[in-house]
Amino acid sequence: MTKGLERVEGSIEATDLAELLLRDGAVIVNDALTPGQLAGLNADLDDAIAATAPGLRNPTEDFYVEFYGSQTIRLDGLPARSTTFVELMQSRLMTGVADILLLPNCQDYVLNTAQLIQIGPGQTAQMLHRDEDAWKELTGPKPLLEVEAMFALTDFTIENGATQVVPGSHLWPPEREAEPHEIQRAEMDAGSALFYLGSAVHGGGANTTSDQWRRGMFFGYVVGWLRTEENTFLTVPIERVRDMPERVQELLGYKAHGGIGVVDVGSPMALLQ
Ligand SMILES: O=C(O)CCC(=O)C(=O)O
Ligand SMILES: [Fe+2]
């Protein structure tokens, strides 16, 4: 039987939300943003969105051109772009569920990525995926790595690309694919959010309108050990790296690993040219 997508109010306790996430893998939280936070995020990001063309600028692999969408505007670096985003990083529900679900698996968690995702008219549906597949080399039993939320900054509708999500799929074996009837859509009003686990199957929806943009902002926390021992991006100034051999630049982490280690959702090598 098809499993529906649970909806709760923004006043829910983090412990209850974490329990629902463990049960379903994904839950809609109504009014996850205050009206001030919704307006703040949109205002902080409006100019950058207006100045950004759809599609990737420096894709790390051809695969990501299609995966991230040629009719979709994506922006990262959100902590530097939006003071409202910085406030949200400490929001009760995000830190609450991350404390409960990730701290058993790490000393502390870190921001994995935050992206403004504005799906434009004509964008086809994104391939369904699990965000934790970014680390697909980790096979076999693994702890939960990531908790995330997609915040609707405009209303999310079936027509404009509301996120596709498969409740219960976080418990599936990695090879199981969703049947069409198992896919739910995260229709929600601006200010609401889809909370989900990195192990839950989901993807952006198709935008079949001719004139609407679906604006969403998602961010996730991952276990803090998913990184290198030395933080060479801070110990070695980028001006010095520019003068180093290309192979050394790659070895210092400026070569993305598929979708990991990206800047502007693309290759950091572009910063060295
Ligand atoms: O835009 C969406 O609704 C989901 C996007 C997504 O899942 C992703 O880019 O990983
Ligand atoms: Fe995703």
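**Close-up views of a predicted model**

**Asp-264 is partly exposed, with 16 other C-beta atoms within 10 Å.** The burial classes used in these legends follow such counts: buried means 20 or more other C-beta atoms within 10 Å, exposed means 12 or fewer, and partly exposed lies in between, with C-beta atoms placed from the backbone. The model is predicted, so local features need pLDDT of at least 70 and side-chain atom pairs pLDDT 80 or more, while totals for chains, interfaces and linings use all residues. Residues are numbered from 1 along each chain as its sequence is written, with chains lettered from A and ligands numbered from 1 in the order in which they are written.

Asp-264 is not a glycine, yet its phi is positive, at about 55 degrees. Val-265 is not a glycine either, and its phi is about 50 degrees, again positive. Asp-264 sits in the segment after helix H9 (246-254). Val-265 is also found in the segment after H9. Helices (H or I, at least four residues) and strands (E, at least two) are DSSP runs, numbered from the N terminus. Asp-264 is partly exposed. Val-265 is buried, with 23 other C-beta atoms within 10 Å.

**The largest nonpolar core holds 54 residues.** A nonpolar core joins buried Ala, Val, Leu, Ile, Met, Phe, Trp, Tyr and Cys residues through C-beta atoms within 7 Å. The members that touch the most others are Val-97, Phe-151, Ala-193, Leu-194 and Phe-195. Helix H6 (residues 92-102) contributes the most to this core: six residues. Val-97 touches Ala-14, Leu-17, Ala-18, Leu-21, Val-147 and Phe-195, leaving out residues up to four places away in sequence. A second core is separate and has five residues. Its members include Leu-56, Tyr-68, Ala-256 and Val-265.

**Helix H1 (residues 14-24) packs on H6 at an angle of about 60 degrees.** The axes of the two helices are 9 Å apart. Axes are lines fitted to C-alpha atoms over the stretch in contact, and angles run from 0 to 180 degrees between N-to-C directions. H1 brings Ala-14, Thr-15, Leu-17, Ala-18 and Leu-21 to the contact. H6 brings Arg-92, Leu-93, Gly-96, Val-97, Ile-100 and Leu-101. Residues are in contact if their C-beta atoms lie within 7 Å.

**Leu-17 lies in helix H1.** Leu-17 has 24 other C-beta atoms within 10 Å, and therefore counts as buried. Which residues does Leu-17 contact beyond its neighbours within four places in sequence? They are Val-8, Ile-12, Val-27, Val-29, Leu-93, Val-97 and Phe-195. Leu-17 and Ile-28 are eleven residues apart along the chain, and their C-alpha atoms are separated by 9.7 Å.

**Ala-39 lies in helix H2 (residues 35-50).** Ala-39 counts as partly exposed because it has 15 C-beta neighbours inside 10 Å. Its C-alpha atom is separated by 24 Å from that of Val-97. Along the chain, Ala-39 and Val-97 are 58 residues apart.

**Pro-174 lies in the loop between strand S6 (164-165) and strand S7 (184-185).** Is Pro-174 buried or exposed? With 11 C-beta neighbours inside 10 Å, Pro-174 is classed as exposed. The C-alpha atoms of Pro-174 and Thr-95 are separated by 27 Å. Along the chain, Pro-174 and Thr-95 are 79 residues apart.

Methods
Contact = placed C-beta atoms within 7 Å.
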